[in-house]
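The following exercises ask the reader to work through one protein chain, element by element. Each task is followed by a solution in steps.

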Amino acid sequence: MKDILKDLNRMIGNTPMIGVHYQYNGKKGVVYAKCEYYNFSGSIKDRMALSILSEAYKNGTINPDSVIVEVTSGNAGIAFTALGRMLGHKIRIIMPDWVSEERKLLLKNFGAELVLVSKEEGGFVRSIELSREMAAADAKIFLPCQFANVNNVKAHEENTGVEIIRQLEKEGLSPDVFVAGVGTGGTVVGVGKAIRKVNKNAKIHPLEPTESPVLTVGHKVGCHRIQGLSDEFIPEIISTSTLDEIVQVSDGDAILMTQKLAYNFGLAVGISSGANLLGAILLQEKYGYDAVVATVFADCNKKYLSTDLMKEEPVKPHYISPKVELTRFSVLERC
């Protein structure tokens, strides 16, 4: 297992980082984004999954015959399934039935057993309860518990965040601001911890959909189209008191920006990436165009081809993306 985990470690991380150059409100800016779809199974969740599984093997809470059971809206399930299959595990994924068809098909292709839960059956909250019931009934089941596992945060503090710092250092830069959409919260909390080690005054902002402001309200409210964010509850590993103000972005605006990234730059990213870019642009305007603002492009567009990403999105007056001109992107040296 040590050799397999070592091989997986070589397939995960050290992703490219780009500078997205743009014009907004008559001003030129650049924000920096890690392209996380270069990871093993195609998303930032590989980092978290590897961290959790490596630590579990180290402390003996998982065995070669363990069945991995995880609750997910997509990317984490794909990551645990891909890594788990390489490690020889059976995988059972519990997920809401409203996620994209591509997510379901990818999981089936990797060999996962899918358990789909509808909104009427209790959605995400019921999915977590169901996973605990399964584990209580079967000693072979290992629950990664991504929403509560501190190794989720650790992965981004020790890896993602450090890479961002090092790649910017090679350009003579230091991060002043970081923003990321909150699913589990592991990315924004972990990267934030790493950045504040080198810049104690850095601003670390969580992002959520305007249509479903779970962090702001404190419980499930509304519905949205940015899969992977705002999953009906506030995860245990995130504390908004340790972060700066919450940034909100409309899902339609995020879709338009994601479409623009593909059309202008050929960057095939998911909807949360469009949201993160909008959040970064808003924060650069807030803190000044000399501020070094970083974010992540969490996954690719291939999991969204059956969603509204592939449709014409109506423009609303408050949207930002129609006012943003993407001019070019530059590529930073890897770590």
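Pro-209 stands opposite Val-249 in strand E9. The model examined here is a predicted one.

**Exercise 1. Determine how strand E8 (residues 203-209) is paired on either side and whether it is buried or exposed.**

Step 1. Begin with the partner E7. E7 and E8 pair in the parallel sense, over 5 bridges. Within this pairing, Phe-178 has Ile-204 of E8 as its bridge partner.

Step 2. Follow the chain between these two strands. From E7 the path passes through helix H7 (residues 186-198) to E8, and this β-α-β crossover is right-handed.

Step 3. Turn to the partner E9. E8 and E9 are joined by 3 bridges, again in the parallel sense. Leu-207 stands opposite Val-247 of E9, and Pro-209 faces Val-249 of that strand.

Step 4. A residue counts as buried under 20% relative accessible area. By that criterion 6 of the 7 residues of E8 are buried, and the strand is mostly covered.

**Exercise 2. Place the strands in their sheet and identify which stand at the edges.**

Step 1. Write down the order. The open sheet has 7 strands, arranged E9-E8-E7-E10-E2-E1-E11, and its pairing is mixed.

Step 2. Find the strands with a single partner. These are E9 and E11, which stand at the edges, so one side of each has no neighbour in the sheet.

Step 3. Helix H6 (residues 150-169) lies across E1, E2, E7 and E10, and runs at about 130 degrees to E2.

**Exercise 3. Describe the setting of strand E4 (residues 90-96), and explain why it is regarded as largely enclosed.**

Step 1. Examine the pairing with strand E3 (residues 67-71). E3 and E4 pair in the parallel sense over 5 bridges, and Val-67 has Lys-90 of E4 as its bridge partner.

Step 2. Examine the pairing with strand E5 (residues 113-117). E4 and E5 also pair in the parallel sense over 5 bridges. Here Arg-92 stands opposite Glu-113 of E5.

Step 3. Leaving E4, the chain crosses through helix H4 (residues 101-110) to E5, in a right-handed β-α-β crossover. E3, helix H3 (residues 75-86) and E4 likewise make a right-handed β-α-β unit.

Step 4. Draw the conclusion. Because 6 of the 7 residues of E4 are buried, the strand is largely enclosed by the rest of the structure.

**Exercise 4. Identify the elements that build the largest nonpolar core, and examine helix H10 (271-287).**

Step 1. List the contributing elements. Among those that supply at least two residues each are E1, E2, strand E10 (293-297) and strand E11 (324-331). The largest share, 7 residues, comes from H10.

Step 2. Take Val-20 as an example. With neighbours within four places in sequence set aside, the residues in contact with Val-20 include Val-31, Leu-277, Phe-297 and Leu-326.

Step 3. Separate the other core. A second, separate core of 27 residues includes Ile-165, Val-188, Leu-215 and Leu-332.

Step 4. Check the geometry of H10. At 1.5 Å a residue, its 17 residues should span 24 Å; the end C-alpha atoms are 25 Å apart, which agrees. Since 13 of the 17 residues are buried, H10 is largely enclosed by the rest of the structure. Just after H10, Gly-288 takes a positive phi of about 110 degrees.

**Exercise 5. Compare the backbone and accessibility of Asn-14 and Asn-25.**

Step 1. Most residues other than glycine have a negative phi.

Step 2. Consider Asn-14. Its phi is positive, near 50 degrees, and the residue is found in the loop between helix H1 (2-11) and strand E1 (17-24). With 30% relative accessibility, Asn-14 counts as partly exposed.

Step 3. Consider Asn-25. Although not a glycine, Asn-25 has a positive phi of about 55 degrees. Asn-25 lies in the loop between E1 and strand E2 (27-35), and its relative accessible area of 47% makes it partly exposed.

Terms used:
Residues numbered from 1 in each chain as written. Predicted model: local features only at pLDDT ≥ 70, side-chain atom pairs only at ≥ 80, totals over all residues. Heavy atoms only, no water. Buried < 20%, exposed > 50% of the residue type's maximum accessible area, 1.4 Å probe, protein only. Helix = DSSP H or I, 4+ residues; strand = E, 2+ residues; numbered from the N terminus. Pairing = 2+ DSSP bridges. Right-handed = clockwise from strand over helix to strand, strands pointing away. Core = buried A, V, L, I, M, F, W, Y, C linked by side-chain atoms within 4.5 Å. Contact = heavy atoms within 4.5 Å. Expected span 1.5 Å × (residues − 1). Axes fitted to C-alpha atoms, helices over the stretch in contact; angles between N-to-C directions.
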